[in-house]
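Visitor: Hi, I'd like a quick walk through this structure. Could you show it to me and then take my questions as they come?

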Amino acid sequence: MTKKRRNGGRNKHGRGHVKRVRCESSAAMVPKDKAIKRFIVRNMVDASAIRDLQDACAIDGYALPKIYRKVYYCVSAAIHSKIVRVRSVKDRRNREPPKRPGFGNRGDRK
């Protein structure tokens with residue numbers, strides 16, 4: 001039988017059992033090592049209200065708090081909501097993260 005992936009789609013080498021986590025969009029229970037994980041950092045206040053709050057703030061240079069959240073997705077929900085993409089057999093071997101626009105590549109901008 002041929003194997004699609006070297007790791008079987010999991011990161012469970014040597015562990016017999018892994019706890020499950022809830023998928024953010026479908027609420028399915030997914031093994032933690034198989035789930036697609038994203039760390040989301042958002043402002044607690046939406047962009048339209050930030051300036052109003054800064055003008056009304058009594059403390060100069062007050063940094064608004066952020067929301068830090070680790071989010072888990074099952075594979076099917078992550079593909080459906082375009083968090084990850086299906087890749088060809090050749091491209092599956094590439095473990096490098098995709099290039100993010102606007103991060104560290106200032107030299108190629110005009």
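**Around Arg 92**

Guide: Happy to. Arg 92 touches Lys 4, Arg 5 and Arg 87, leaving aside residues up to four places away in sequence. Please keep in mind that this is a predicted model.

Visitor: Where does Arg 92 lie?

Guide: Arg 92 lies in the segment after helix H2, and H2 covers residues 75–80.

Visitor: And how far apart are Arg 92 and Arg 5, in sequence and in space?

Guide: They are 87 residues apart in sequence, while their C-alpha atoms are 8.3 Å apart in space.

Visitor: What does the side chain of Arg 92 have by the backbone oxygen of Arg 87?

Guide: A polar atom of the Arg 92 side chain lies 3.3 Å from that backbone oxygen.

Visitor: Let's switch to charges. How many salt bridges does the structure hold?

Guide: There are 2 salt bridges. One joins the side chains of Asp 33 and Arg 10, at 3.2 Å from N to O. This pair links distant parts of the chain, 23 residues apart: Asp 33 is in the loop between S2 and S3, and Arg 10 is in the segment before strand S1 (20–22).

Visitor: Is Asp 33 buried or exposed?

Guide: Asp 33 is buried, because its relative accessible area is 12% and the cut-off for buried is under 20%.

Visitor: What else does Asp 33 touch?

Guide: Apart from residues up to four places away in sequence, Asp 33 touches Arg 10, Asn 11, Lys 12 and Val 18.

Visitor: Okay, and which residues make the salt bridge that involves Arg 69?

Guide: Arg 69 forms that one with Glu 24, and their closest N and O atoms are 2.9 Å apart. Arg 69 lies in strand S4 and Glu 24 in the loop between S1 and S2, so this bridge ties together parts that are 45 residues apart in sequence. Arg 69 counts as partly exposed at 42% relative accessibility, and Glu 24 is also partly exposed, at 38%.

Visitor: Which residues make up the largest nonpolar core?

Guide: That core has 7 residues, and both cysteines belong to it: Val 21, Cys 23, Val 30, Ala 35, Tyr 72, Cys 74 and Ala 77. In soluble globular proteins, nonpolar side chains tend to be buried together.

Visitor: Take Val 21 then. What is it in contact with?

Guide: Setting aside neighbours within four places in sequence, Val 21 is in contact with Ala 28, Met 29, Val 30, Lys 32, Ala 35 and Tyr 72.

Visitor: How many aromatic pairs turn up in the whole structure?

Guide: A search finds 1 aromatic pair. Phe 39 and Tyr 68 are stacked, 6.5 Å from centre to centre and with 25 degrees between the planes. Phe 39 sits in strand S3 (residues 36–43) and Tyr 68 in strand S4 (residues 66–73), so the pair links distant parts of the chain, 29 residues apart.

Visitor: Buried or exposed, those two?

Guide: Both Phe 39 and Tyr 68 are exposed.

Visitor: One last topic, the backbone. Which residues other than glycine have a positive phi?

Guide: Ala 27 is one of them, with a phi of about 65 degrees. Ala 27 lies in the loop between S1 and S2 and counts as partly exposed, at 42% relative accessibility. Lys 82 also has a positive phi, near 60 degrees. Lys 82 is found in the segment after helix H2 and is exposed, with a relative accessible area of 74%. Most residues other than glycine have a negative phi.

Conventions:
Residues numbered from 1 in each chain as written. Predicted model: local features only at pLDDT ≥ 70, side-chain atom pairs only at ≥ 80, totals over all residues. Heavy atoms only, no water. Core = buried A, V, L, I, M, F, W, Y, C linked by side-chain atoms within 4.5 Å. Buried < 20%, exposed > 50% of the residue type's maximum accessible area, 1.4 Å probe, protein only. Contact = heavy atoms within 4.5 Å. Phe/Tyr/Trp six-rings, centres within 6.5 Å; stacked < 30°, edge-to-face > 60°. Helix = DSSP H or I, 4+ residues; strand = E, 2+ residues; numbered from the N terminus. Salt bridge = Lys/Arg side-chain N within 4 Å of Asp/Glu carboxyl O. Polar contact = N/O pair within 3.5 Å; in protein donor to acceptor, adjacent residues only side chain to side chain.
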